[in-house]
Amino acid sequence: MPESVKILDSLLKGIAVVDATLQNDTFLRALQRQPVSYTPVWLMRQAGRYLAEYKQTRSTAGSFLGLAKNPDFATEVTIQPLDRFPLDAAILFSDILMIPDAMGLGLDFVNGEGPRFARPLRTEADINKLAVPDMNELRYVFDAVAQIRRTLNGRAPLIGFAGSPWTVGCYMVEGQSSADYRTIKTMLYTQPELLHRILDITAQTTTQYLNEQIKAGAQAVMIFDSWGGALADGLYQQFSLAYMKQVCDGLLREFNGQKIPVIVFTKGGGLWLEDIVTSGCDAIGLDWTVNLGKARARVNDKVALQGNLDPMSLFGSEASVRQEVRRVIDDFGPVGKGGHVFNLGHGISQFTNPERVAALVDEVHTYSRKMHV
Ligand code: CP3
């Protein structure tokens, strides 16, 4: 492209993402361990079936994929939880399985049974055909990011996301959710080089995919390594962490003059915190098995921490939800330069009462404000 066209192109891209000054940057500040006046909060899977308005939009869309692949619907459901609760960040409504779908594996969501791939990767021949897809196959995601960002209009920052290569690889090889990861672990122990090829191609794709989300307007990105905790020590580092590091190394860490923080979340990764720091992430997501104060000492305040209330605690009374919230905030300890983003330790259950979520958000804000004075 000639230089003048390149400049015009980048100007136009700039216009697409310029919005009103961010009215609430608490989340982005906490991720960068800058001073904040209260602890910011958002929830994994905050847009979802526990909200009646989500179920309504989903039924209009006809299916989960119909919802997620339509930028208008995706924008609508992304904003829904922010209209209900004063959350400090929005997260793109999409799924970690859009990448293998774009790679041609044929994604479907069977009602009540979760994701299914028509063409899982099982043989060397399947893997030989695997390639980084054209990012235009995922254009609907980037269009949704741009539209959500415009609609938010500075109300809260927007998080983009992808699955970790290992976690996405689990679905690509198993073809569906799995209790024991027997198929992919058989491949890992018998033909590790095949698995490494899958993970490398997926990491390359994920890097491009997250960078496109950033260019479209994502202000932070999160890598969901939901099943990294299923790996043995030593193999986690080789088959999950190494590929998240590959992704982190290739990400745009600054865009349009703004830092783009990266959050890495390995569920069950509490034993590997020191290793996870070496991925180069800005923040580590933690599940509820980890004590935030001890985690903080182990990472030596080199990264921010996100988490880590047990999602099932929302099935307690309002008083107990508030008490558990205070415990998490107390565990993190003196805030000093910030560095804590409140979240659940995994996605919210579809059976959660939204009133408990309201209590959670309120308690995080009111209790932490007292600690930040
Ligand atoms: O956090 C958000 O609100 C953003 C949206 C989001 C979804 N999936 C929407 C979704 C995010 C961040 C994800 C990530 C995701 N998807 C993960 C990693 C996070 C985690 O929970 O560990 C994983 C493992 C998946 C794969 C996936 N998607 C499964 C196993 C299922 C079926 C199980 C289920 O909860 O129904 C999905 C479907 C899915 N993705 C739903 C939503 C709201 C429910 C679909 C529906 O409406 O029927």
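R298 is partly exposed, with a relative accessible area of 35%. Keep in mind that this is a predicted model. Which residue does R298 meet in a salt bridge? That is E274, at 2.9 Å from N to O. E274 sits in helix α13 (residues 273-277) and R298 in helix α14 (residues 292-298), so this pair ties together parts that are 24 residues apart in sequence. E274 is also partly exposed, at a relative accessible area of 39%.

Next is R296, which forms a salt bridge with D301; their closest N and O atoms are 3.0 Å apart. Is R296 buried or exposed? Buried is under 20% relative accessible area, and R296 has 14%, so R296 is buried.

Now helix α15 (residues 318-332), where D331 and R327 are four residues apart, about one helical turn. Their side chains meet in a salt bridge of 3.2 Å, N to O. D331 has 24% relative accessibility and counts as partly exposed; R327, at 41%, counts as partly exposed too. There is also a network: E318, R322, R326, D362 and E363 are joined by salt bridges that share partners. How many salt bridges does the structure hold? The number is 18.

Last, the strand. β11 covers residues 340-344, and five of its five residues are buried. H340, F342 and L344 are on one side, V341 and N343 on the other, and both faces are covered. β11 pairs with strand β10 (residues 304-309) in the parallel sense, over five bridges. In one of these, G307 has F342 of β11 as its bridge partner.

Definitions and conventions. Residues numbered from 1 in each chain as written. Predicted model: local features only at pLDDT ≥ 70, side-chain atom pairs only at ≥ 80, totals over all residues. Heavy atoms only, no water. Buried < 20%, exposed > 50% of the residue type's maximum accessible area, 1.4 Å probe, protein only. Helix = DSSP H or I, 4+ residues; strand = E, 2+ residues; numbered from the N terminus. Pairing = 2+ DSSP bridges. Salt bridge = Lys/Arg side-chain N within 4 Å of Asp/Glu carboxyl O.
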